[in-house]
Amino acid sequence: MSPHRGDASERTNHKPNGNEAMSDTRTLAIIKPDAFGSGKAGKIIDRLESDGFRILAARVVHLSRAGAEAFYDVHRGKPFFASLVDFMTSGPVLAMPLEREDAVTRLREVIGATDPADADTGTVRALYGEGKERNAIHASDSPDNARVEVAFFFAGVDLA
Ligand code: ATP
Ligand code: MG
């Protein structure tokens, strides 16, 4: 899908409220229980804001088991699923819709590889991740998933 905004005729294919889901301007970040619980949220937010991300809203949430399972439904059945749900429900997380140009693509770059050992120097996971599971931060992996994931935490919220 082309990332440019397109002309009016293209936009008629989109939802009438100016929904930006088809363009890559918004994504969801979650500071996970390991990083939030050890006081790394401020440093991580600083890193994200330094990279041009604007925080549209923020919520501290202690996910229920059903909530974590629903959020990571794509991984249901995988060997690490139960442990992932244990981890994601072990303490509060900080969920934030973020905005910038190429938001999904750029946030994935800024957070680094899933396993902090493989993450590029200076990425959030290289700096703050403890291991492949306890890797400090989540980021949406596509504009469509970003829309779904922002709605998961911020349904009904009029984002700034
Ligand atoms: P996220 O979706 O949290 O942004 P990701 O897209 O980099 O991470 P996924 O493959 O979607 O990685 O896995 C979701 C999360 O599940 C990982 O971030 C990590 O916390 C955990 N995870 C993934 N693979 C493993 C694994 N092999 N062992 C343990 N935990 C894992
Ligand atoms: Mg993922």
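In what order do the elements of the protein chain run from the N terminus on? They run α-β-α-α-β-β-α-α-β-α-α-β-α. The views below show a predicted model, in which local features need pLDDT of at least 70, side-chain atom pairs count only at pLDDT 80 or more, and totals for chains, interfaces and linings use all residues. Residues are numbered from 1 along each chain as its sequence is written, chains are lettered from A and ligands numbered from 1 in the order in which they are written, and side-chain values use heavy atoms, with hydrogens and water left out.

**Figure 1. The protein chain and its elements.** The secondary structure comes to 8 helices and 5 strands; these are DSSP runs numbered from the N terminus, helices being H or I with at least four residues and strands E with at least two. The chain has 160 residues, of which 41% count as buried. Buried means under 20% relative accessible area, exposed means over 50%, and partly exposed lies in between (1.4 Å probe, protein chains only).

**Figure 2. The surroundings of ligand 1.** Ligand 1 is surrounded by 13 residues, and the closest are Y72, H75, T114, E133 and H138; a residue is near a molecule if one of its heavy atoms lies within 4 Å of it. The shell consists of 4 nonpolar, 4 polar and 5 charged residues. In this grouping, Ala, Val, Leu, Ile, Met, Phe, Trp, Tyr, Cys and Pro count as nonpolar, Asp, Glu, Lys and Arg as charged, and the others, Gly among them, as polar.

Figure 3. An N or O atom in the side chain of R108 is 3.0 Å from an oxygen atom of ligand 1. For E133, a backbone N or O atom lies 2.8 Å from an oxygen atom of the ligand. In the side chain of N135, an N or O atom is 2.8 Å from an oxygen atom of ligand 1. Of the 580 Å² of accessible area that ligand 1 has on its own, the protein covers 80%; such areas come from the Shrake-Rupley method with a 1.4 Å probe.

**Figure 4. The loop between α7 and β5.** N135 is placed in the loop between α7 and β5 (137–139), and N135 counts as buried because its relative accessibility is 2%. A polar atom of the N135 side chain lies 3.3 Å from the backbone oxygen of K132. A136 is found in the loop between α7 and β5 as well, and A136 counts as buried at 0% relative accessibility. The phi of A136 is near 75 degrees, a positive value in a residue other than glycine. Most residues other than glycine have a negative phi.

**Figure 5. D51 and R106.** D51 lies in the loop between α3 (41–50) and β2 (54–55). With a relative accessible area of 14%, D51 is buried. Its side chain makes a polar contact with the side chain of R106 at 2.7 Å; a polar contact is a pair of N or O atoms within 3.5 Å, and within protein one must be able to donate a hydrogen and the other to accept it, while residues adjacent in sequence count only if both atoms are side-chain atoms.

Figure 6. D102 lies in the loop between β4 (93–99) and α6. Although D102 is not a glycine, its phi is positive, at about 55 degrees. D102 counts as partly exposed because its relative accessibility is 34%.
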